[in-house]
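Please read the following note with the structure open beside it.

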Number of protein chains: 2
Amino acid sequence: MEPKKRFIEIVQQLRTLIREEQIKEGDKLPSERVLSERLQVGRSAVREALRSLELLGLIETKHGGGTFLSTSPQHKLIEVLATFIMNDKKSITDVHATRLLHEQEAIRVICRNEKMRQLPVWESLFIRLEVKENVVRKDVLREIMIACDNRLALRIWLQLEAYSGKPMYGFITVQEKPYVLTLVKALQLGLEQEALQAHLAWVHHNTEKGDKEHGDS
Amino acid sequence: MEPKKRFIEIVQQLRTLIREEQIKEGDKLPSERVLSERLQVGRSAVREALRSLELLGLIETKHGGGTFLSTSPQHKLIEVLATFIMNDKKSITDVHATRLLHEQEAIRVICRNEKMRQLPVWESLFIRLEVKENVVRKDVLREIMIACDNRLALRIWLQLEAYSGKPMYGFITVQEKPYVLTLVKALQLGLEQEALQAHLAWVHHNTEKGDKEHGDS
DNA sequence: CTTTTAAAAGTGGTCATACCACTTTTGGAG
DNA sequence: CTCCAAAAGTGGTATGACCACTTTTAAAAG
């Protein structure tokens, strides 16, 4: 085997430390200076490892505040990829297509798995939609990605989602609500084709119209 | 907008520099010291940007040799992800499932696109397989991923593939050749279901038997 | 006592320097 | 010309010093 990169080792050590220290999501990590002493490496080496984790959205850093385990992953990964290898408009298309790809597969997986279909989250979503509560688009899709139980795919999707921009953060409008309701219902019943179709129709509806609203900062 | 992270800016500057300097894949980039002077930032800042690009497989660094634009992307991304957020055996399962997901979608896209189906690469592959030439498994799948023309998905797949390990680098055996031939032929003819099925059967065949051979270092 | 506010300590961000390990280039010996 | 050792170049790491910003602390004001 080729010799491991240094910062990969440090990442592994950080992982062990986090587990031993029982550091949970949102908690503060030891400072860079403390870490460099604990791990017996220079601060610059620690920073390179932390930078990698930040790029993947696994940690968040606040200037002057500290380093924290991420709660809701904010990555920079796709942003770097996009600015670096993609020049033209095709970047947006690719991100969109790749995101859709993951969502469609998740729907397939869920439809074919009885336990996933019976998760209470679907009933909960259905009620929230029917009761005219404002539901953010992203939330529905995130639940789907979470349900299909592939943490790696979830990570990738979260990164794609964050780069998809504002439309994902908008509320579900009255016009598009039928698509979502159909999607959720079809998911519960395991109607794969219907669910896939509803999802596509929904996404298509959103991309046709240029929504500008978005929920939170 | 929130103020951009420093290393993101530097990544963009690097991109501009690479374009202006006409640096192509495989070419050497200016040294870290030169870059830090050209961009008027510290060497550590340059290194953080370069580390990000390396993590994404966009550049390769050789200790004592220099920094080069990647020809065939070498990740580290999935490795970091896997070692950090995945503890148990499920990591391997997730990587595998996610890779399959991308391959299946690529097959669907190709089958539904006439131009992609008519690419000469399929005929070429078919001949190479029939003539008993040794063909590496990874190569077939990579051609498929390339053909479907989603650079982002291709990047992600390449990273997943690299983490999938040795089986991908093995040669296609006589036993599994029928699956591959069926897959390629079905691709050309646009027989979506048959292609998907052949692909699954092939992968299943490979994961059942534990191949140890692998082609190059 | 509580509230307010300014100083101090802590932390990430950046730069500069020095040194090490390794590779590439160079130039002289044969 | 070939071969090989020295020199130069380059990435890798550690250290120290600042800066900008946040959090904590403690003194001052009410």
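How many residues surround DNA strand C, and which are the closest?

1. DNA strand C is surrounded by 24 residues, the closest being A:Glu32, A:Arg43, A:Arg47, A:Gly64 and B:Arg6. A residue is near a strand if one of its heavy atoms lies within 4 Å of it. Sugar and phosphate make up 58% of the atoms of DNA strand C that come within 4 Å of the protein.

2. This is a predicted model, in which local features need pLDDT of at least 70 and side-chain atom pairs count only at pLDDT 80 or more, while totals for chains, interfaces and linings use all residues. Residues are numbered from 1 along each chain as its sequence is written, chains are lettered from A and ligands numbered from 1 in the order in which they are written, and side-chain values use heavy atoms, with hydrogens and water left out.

3. A base nitrogen of DNA strand C is 3.0 Å from an N or O atom in the side chain of A:His63.

4. The surface near DNA strand C has 2 nonpolar, 12 polar and 10 charged residues. Here Asp, Glu, Lys and Arg count as charged, Ala, Val, Leu, Ile, Met, Phe, Trp, Tyr, Cys and Pro as nonpolar, and the others, Gly among them, as polar.

5. Around DNA strand D there are also 24 residues, with A:Arg6, A:Gly42, B:Arg43, B:Arg47 and B:Gly64 nearest.

Definitions and conventions. A polar contact is a pair of N or O atoms within 3.5 Å; within protein, one must be able to donate a hydrogen and the other to accept it, and residues adjacent in sequence count only if both atoms are side-chain atoms.
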